[in-house]
Amino acid sequence: MNLQKLLKEAQKAQKKAAEIQEKLEGMVVTGSAQGLIEVDANGHGRILRVRVKPEALKAFAEDPEGLEDLLLVAIQDAQRKAHELSEKEMARELGGVGQAL
C-alpha cells in the first residue's frame, strides 16, 4: 500500500472518529442501583441526571452511608454502560477503516 493511500485512510478514520465522538455526546445511557436510584450519563460517561426514588430515602433514612453506596453503584453502572456504548459505536462505525494503519 502506498503512502498516499495510507494517509487518506488515516484522515478518513480520524474524521469518522470525530463524528462518532460528537454522536456519543448526544446519546444517553441509564445506570441503576436496585431500582432505587437511576443515573443518566451521555456516551462519554458525563453524568447528566440523578433520580432518587422516595422509597430509597425511606429505606435509608437511618443509613445515609448505604444511600451513598447505592448512588456510587448507579454512577458506576452508568459510566460502564457509557464505556460499552462508546466501544460498540466505534467498532460499528469504524469497522475496517484504518485497518491498514
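Student: Which strand gives the largest share of the nonpolar patch?

Tutor: Strand β3 (residues 47-52) does, with 3 residues; strands (E, at least two residues) and helices (H or I, at least four) are DSSP runs numbered from the N terminus. This is a predicted model, in which local features need pLDDT of at least 70, side-chain atom pairs need 80 or more, and totals for chains, interfaces and linings use all residues. Residues are numbered from 1 along each chain as its sequence is written, and side-chain values use heavy atoms, without hydrogens and water.

Student: Which residues make the patch?

Tutor: I47, V50, V52 and L57 make this nonpolar surface patch of about 300 Å². Nonpolar patch members have over 30% relative accessible area and no salt bridge, and their side chains are joined within 5 Å.

Student: Why does I47 count as partly exposed?

Tutor: I47, in strand β3, counts as partly exposed because its relative accessibility is 32%; buried means under 20%, exposed over 50%, with a 1.4 Å probe.

Student: How do β2 and β3 run?

Tutor: Strand β2 (residues 37-42) runs antiparallel to β3, joined by 5 bridges; pairing requires at least two DSSP bridges. D40 stands opposite R49 in β3. The two strands form a hairpin with 4 residues between them, and G45 in the turn has a positive phi of about 90°.

Student: What does A74 touch?

Tutor: Beyond residues up to four places away in sequence, A74 touches G31, S32, A33, I37 and V39, where contact means heavy atoms within 4.5 Å.

Conventions
Patch = residues over 30% accessible without salt bridge, like charges linked within 9 Å, V, L, I, M, F, W, Y side chains within 5 Å. Areas by Shrake-Rupley, 256 points an atom, 1.4 Å probe, with all protein chains shown as cover. Salt bridge = Lys/Arg side-chain N within 4 Å of Asp/Glu carboxyl O.
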